[in-house]
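This briefing is meant to be read beside the sequence and the coordinates.

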Amino acid sequence: MNARSKSPVLVRARSSVCALYGFALVALALAFTHPLILLAVAAATFGAARLSGVQRQLRGAVRFAIPLALMLAVINGILVRDGVTVLWRFGDLPFFGQLDLTGEAFAYGFLLALRVVVIIAASALTVAIVDPDDVLRRMRRSAFRSALTAALATRMIGVLTRDARRMDQARRCRPDGGGSGRRAQLLMVGSVAAGALDRAVDVAATLELRGYATRVAPPRGDRVPYARADRAVLASALGLLALLLIGATFGLANFEPYPRLNIATDLTELLYAALIVLTALAAPIVGERGRRR
Amino acid sequence: MSSLSFERFSYTYPGKDRPALREVSVAIEAGEFVVCTGLSASGKSTLLRAASGLVPHFHGGVASGRVVVGGLDTRDHGPGDLAQVAGTLLQDPETQVVMQTVGAELAFPLENRGLSRAAVARGVEEIALTLSIAELLERPVDELSGGELQRVALGAALAARPALVLLDEPTSQLDPVAGDELIWTLRRLNEEWGTAVLLIEHRLERCLAHADRVLVLSDGELVCDAPPSEMLGWAAEHQPALQTPAARLFERAGLRPPPSGVKEARATLQSHGLLDGAAPSDAGEPAPARGRSRWSRRAEPAEQPALSCRGLTFELPDGREVLNNVELSLMPGEQTALMGRNGAGKSTLLRILAGLNDATEGKVESESRVALLLQNPGDYLIHERVDGEVGADVLADFGLEELAASHPRDISGGQRQRLALGIVLSGERPSAVLLDEPTRGMDRAAKGDLISRLNELSAAGTAVLVATHDTELAAALAQRVLLLSGGRIVADAPTAEVLSGGWHFATETARVLGGQGQACTPEEGGALLRARMTIEAAP
């Protein structure tokens, strides 16, 4: 089908290579706390999202991540007593003992926060570019139950979101406005949750009725060959994984947060960060150019 | 070999005492078009679920007897196996789509059959063209309206060209045009492909003319299995609520036999000299849109509208215009029907009038609060008990006091709707009450109850505006009809004027009589025919 032929490369490529691409970005963010590398992964993630037209999904995820990340930064600053640059000394406090707020603890807290934001953004990119229908098709024969669960979960998000939206509108149609505050919210959540099982059963019944459980194999010789978009995204994903392996093997972009924050930033780190961005963005850019030609 | 056969099949849902189906024995042969009907909770949907294998494989419970679908015994084969021979469409389209895009949804059943890519692509294209949804192929299913979702789900059920199609109220969310098109499509599949069809439907007038046989279920038992005309004769005697408007028209006029459709009814009337042989004429163009109806002009000049809007425009974030400069005013006690195709903007207009959504431009004014009953009454029910939803006085008003301790999910559809109406009407009397498709999936008895309740409200001075595809409801209830198209009110006229002159937006009575006398209801039409018979009988 040509339903996705006008889509950007990362959206058009098959789900398996898109998933690998997203996984590589998440793995890089998990492997390094060096701010330069995290910023490079962030730039790669947002660049890829922009080139794929899914920046809106990313913005939503980041909005959700920022409060969580800030909380993490503050908690690290308060609870970690390492570091030599004391910003504030509270002295001995009950339960806490001696409490010193150090610059290093806050700085490292903010780096952890940045990592959380980048990981959530890369995960959101993965969700946005991987076609769940394709995942459902590919997993059907090898992991039927997992695919069924994944399909149900994917579909149920939409169904329950619309249920909740409709119920919220119905609540607002009540003469008293349906109340407000936590109790009204709890009632709504409870009601949507109570209906979730029925809805899941209905969706599962539909999957059965469409013959999902039969697991008939497609005819031989009917495999889709790797398209240019698939090859481009796969190359980028493998490149990112290779960079991850090289970085981990040679101990690149290491830094020590305590006792004094020491972020080594020489040419190697700069080059390494630049390579991450270039490798990640090569697929969407080169793939698009190839198509225009 | 029959396409589908039930042999003394009985079934009881888990945790229930009363069987939902009792000793049902019936067979549907290849190439037959069978309609199944009955009042609410008579067992129609259970019959269909038994034919698709969901009962008992999916729902559990206790079953006895035998069901064979395309040679597969449902005792040995589950819904997955039966899907190879039968396509099924259940009631709620929202849970009938499982993929992210329309194209993927239509391809899914074909892929599950192990077809080649070329065969899948051809199948998707063909079914999309057949159901006029080709323009939706690339759309995400989350963006579709209820009517569009229903057509896509139907497409998925039909894509693999099954030998048997099982459909549970497939036209419930469709406008009259799309509903008629769908029934014609089924008839075409039935005639050209030899597909056997089992269609569950409340609005018999829409499909009876196409049916070879009609099954009637009552309290889980098969009480009638006959050709349409015979079934209507049976209904007149045993279950009048199942009579079609044309059958009631004939009954009122004292004519027999009851007709199964418009064509047959017109032929009978012509043979009696009660109708000339010309094609139905347009009894008059609907009047152009105007701010106030004939009814409202009769109101006291000093009277203020209960609800009005000026220059109402609504645009989606992507710039698409849903409503365009809508002007409307409803007088106290006025009953108005809002009609139009799927996607015409009816629901959006109601939501804006009720203050649920903000208009992009324009102004809404109302005497006091505006009550809105949305399409799905179940959405209003969020408590554990019925008496948690409204006070005892409202329950008593709506005849629901006996259900006070029940869980809202355990009450019937009609009771749920009464309860939801009770919720939105509780407290201060609203100046207007707006209802969005209130008769979806309702039998005629429940519909009559709703009309009586709305008449009471209207008599108390509340303006009533009902968005509906149901022309029979509009004719029985409203004095005025607004026709919405492309976000604009294109006609605003008395009900008889709008519903007697057209074809799709016309009642069955009006179609039978060709718009003569602007009769829209069987009662009006019956009186007209009796008057003609009297004149003809006079020397």
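Why is helix 10 (residues 245-253) of chain B described as largely enclosed by the rest of the structure? Seven of the nine residues of this helix are buried, so the rest of the structure largely encloses it. The model discussed here is a predicted one, and every value below is computed from it.

**Helix 10 and what follows it**

- Gly254(B) follows helix 10 of chain B and has a positive phi, near 75 degrees.
- In the loop between helix 10 and helix 11 (262-271) of chain B lies Pro257(B), which is joined to Arg256(B) by a cis peptide bond with an omega of about -5 degrees.

**Chain B as a whole**

- The secondary structure of chain B consists of 21 helices and 19 strands, and its C-alpha atoms fill a box of roughly 75 × 65 × 50 Å along the principal axes.
- The radius of gyration of chain B is 24 Å, which agrees with the value near 24 Å that a compact globule of 539 residues would have.
- Of the 539 residues in chain B, 59% are buried, and among the contacts with a separation of 6 or more, 68% are between residues 24 or more positions apart.

- Ile352(B) belongs to helix 13 (residues 346-353) of chain B, and it counts as buried because its relative accessibility is 4%, where the cut-off is under 20%.
- Leaving aside residues up to four places away in sequence, Ile352(B) touches Leu312(B), Phe314(B), Leu323(B), Asn357(B), Asp358(B), Ala359(B) and Val364(B).

**Other backbone features of chain B**

- A further cis peptide bond runs from Val55(B) to Pro56(B), with omega near 0 degrees, and Pro56(B) is placed in helix 2 (residues 54-57) of chain B.
- Ala41(B), although not a glycine, has a positive phi of about 60 degrees; it sits in the loop between strand 3 (33-37) and helix 1 (44-52) of chain B, and is exposed with a relative accessible area of 76%.
- Glu169(B) is likewise not a glycine and has a positive phi of about 45 degrees; its place is the loop between strand 7 (164-168) and helix 7 (176-192) of chain B, where it is buried with a relative accessible area of 4%.

**The interface of chain B and chain A**

- The contact draws on 57 residues from chain B and 46 residues from chain A, and the two chains bury about 4,700 Å² between them, of which 54% is on carbon and sulfur atoms.
- Two salt bridges are counted between the chains, including one in which the side chains of Asp379(B) and Arg166(A) meet at 2.7 Å, N to O.
- The interface also has 13 residue pairs in polar contact, with both residues at pLDDT 80 or more.
- On the side of chain B that touches chain A, helix 3 (79-82), helix 4 (102-112), helix 5 (117-130), helix 6 (146-158) and helix 16 (413-425) each supply at least two residues, and helix 4 gives the largest share, eight residues.
- The residues on that side of chain B divide into 26 nonpolar, 17 polar and 14 charged.

Key
Residues numbered from 1 in each chain as written. Chains lettered and ligands numbered in written order. Predicted model: local features only at pLDDT ≥ 70, side-chain atom pairs only at ≥ 80, totals over all residues. Heavy atoms only, no water. Contact = heavy atoms within 4.5 Å. Buried area = accessible area lost by both parts, 1.4 Å probe. Salt bridge = Lys/Arg side-chain N within 4 Å of Asp/Glu carboxyl O. Polar contact = N/O pair within 3.5 Å; in protein donor to acceptor, adjacent residues only side chain to side chain. Helix = DSSP H or I, 4+ residues; strand = E, 2+ residues; numbered from the N terminus. Nonpolar A, V, L, I, M, F, W, Y, C, P; charged D, E, K, R; others polar. Rg over C-alpha atoms; globule rule 2.2 N^0.38 Å. Buried < 20%, exposed > 50% of the residue type's maximum accessible area, 1.4 Å probe, protein only.
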